[in-house]
Amino acid sequence: MAASVPVEKTIYLGAFAHCVSLAELEIVEKGALGVNEQGVISFVEKEVDVEDVRKRHDGWHDARIVSVKDGFFFPGFIDTHTHAPQHPNTGLFGKTTLLDWLDKYTFPMESSFSSLDKASRIYTNFVSRTLSHGTTTCAYYATRHVEATNLLADICLARGQRALVGRVCMDRLSPEYYRDESVESAVQDSKACINYVRSIDAEGSIVRPIITPRFAPSCTASCLAGLGKLAQETDAFVQTHVSENTSECALVKELFPDSESYTHVYEEASLLTPKTILAHAIHLSAEERKLIKERGSKISHCPASNTALTSGCCPVRELLNEGITVGLGTDVSGGFSPSILEEARHAIWTSRFVAMGTPAAAASSLNNAAKLSTAEALYLATRGGAAVVGLKDRVGGFEVGKEFDVQMIRLGSVPEYGDKEGAFGENGASGPVDLFGFESAEEKVEKWVYSGDDRSCVAVWVRGRLVHKTARYEA
Ligand code: GUN
Ligand code: ZN
């Protein structure tokens, strides 16, 4: 699907919700969003007389109308960190923690992507999955295989999902069967992927390349430096992991004894840029956070993975208070779900664990300060994520000039209590969220956040183009 194919001029009618700031979720019950042929929002109305809307806008009298019933439009989710080749391992972590989990599950699976046939099947399936959960932009790690990485970019472009796609670099402390032969080959192969991705989408509006050193323990200092130089030469995004697990942090100290901290290892390699996405960032010192803030690098918070691998609870409130840009990442298959909605729930839970961390914290007023609200979690899932992946002026909310990356959410109603027409048949059984007719607009969103899943997401658009729909989408 070419990125520049025009879409049909459309007015989206009905309720919409989006985060206008970290703390504030705006819900409009009778809205209209006019989306032009370039997939850009041309007008936003908040109290709409349905009959009238087409007439009131010059040149829109014959525009297509798409209405949402029993639900609302919501900005598409941004997944700022996930591993597409780990999809087959989703849900498998047993009692491992990061380093033995990598050896037991991750490296054997990733190495099998030397098979293009396997890569094609798994990547096609995973991109469909993330889209079906409302993810319109995704920062993907692929594997060290150039052809399979390029194939992932092809698949994202064909499906119309915005993506950052990175070839993983690792030239030490990984099994011999799955390791870069040299610094030169790691840099050359990364360059080949950058050139390929830029050749298939020169405009960079759907797929973009991202330089991907796996993490400091699996890269020599010269490999990191080579990739830092490549980032400068190509002005590409960078993604890696930082300070996820205490054993990993100890290993970094051992491997880089002259570096002041884990974060400084990346700083010394010129890898901390405003286009750098650092995943996890759980055990950072105040100095490391200050350095990240100064460099303008961004953080991907991956709470489901952090609990699954018992890595720790990231103190997100501190990051936000210090002005660091934060988004959410599913981190499949450390994380066990491709859903950013699920991740938003985990972000809220994790913030509560931080609040309850010690009896003193639980008893003090500090606990409320640590807790993320529903609105804040949704902000991280949309606008926060958009800022992490360099799209803050283009997606994440409903303003004139933003591109229409959106999901349509529908909720079920129990006919005897709510709407007689009951959206999904008897007992609302085909959707995960039941409405009983008493819920305010805010309560509908709350119910979705805590009980919704991919069955609630009935259609997804990227730049105004429909890229996913279920049987419950009625145009
Ligand atoms: N650190 C290095 N590689 C990985 C990975 O694949 N997943 C996670 N969660 N952490 C990592
Ligand atoms: Zn990861």
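The model is predicted, so local features need pLDDT of at least 70 and side-chain atom pairs count only at pLDDT 80 or more, while totals for chains, interfaces and linings use all residues. Residues are numbered from 1 along each chain as its sequence is written, and chains are lettered from A and ligands numbered from 1 in the order in which they are written.

**Helices α5 and α6**

- Helix α5 covers residues 183-200 and helix α6 covers residues 221-234; helices here are DSSP runs (H or I, at least four residues), numbered from the N terminus.
- Their axes come within 9 Å and cross at roughly 30°, which makes α5 roughly parallel to α6 (angles under 35 degrees count as roughly parallel).
- An axis is a line fitted to C-alpha atoms over the stretch in contact, and angles run from 0 to 180 degrees between N-to-C directions.
- On the α5 side, the contact is made by Val183, Ala186, Val187, Ser190, Lys191 and Ile194, and on the α6 side by Ser222, Cys223, Gly226, Leu227, Leu230 and Thr234; two residues are in contact if their C-beta atoms, placed from the backbone, lie within 7 Å.
- By class, these residues are seven nonpolar, four polar and one charged (Ala, Val, Leu, Ile, Met, Phe, Trp, Tyr, Cys and Pro count as nonpolar, Asp, Glu, Lys and Arg as charged, and the others, Gly among them, as polar).

**Helices α12 and α15**

- Helix α12 (residues 340-355) and helix α15 (residues 374-388) have axes that come within 9 Å and cross at roughly 135°.
- Ile340, Ala344, Ala347 and Ile348 of α12 meet Thr374, Ala377, Leu378, Leu380 and Ala381 of α15.
- This contact has eight nonpolar, one polar and no charged residues.

**A look at Ala32**

- Ala32 sits in strand β2 (residues 25-35); a strand is a DSSP run of E, at least two residues.
- Is Ala32 buried or exposed? Ala32 is buried, because 26 other C-beta atoms lie within 10 Å (20 or more count as buried, 12 or fewer as exposed, and in between as partly exposed).
- Leaving aside neighbours within four places in sequence, Ala32 is in contact with Ile11, Leu13, Glu45, Val48 and Val53.

Definitions and conventions:
Angles under 35 degrees count as roughly parallel, over 145 as roughly antiparallel, 65 to 115 as roughly perpendicular and the rest as oblique.
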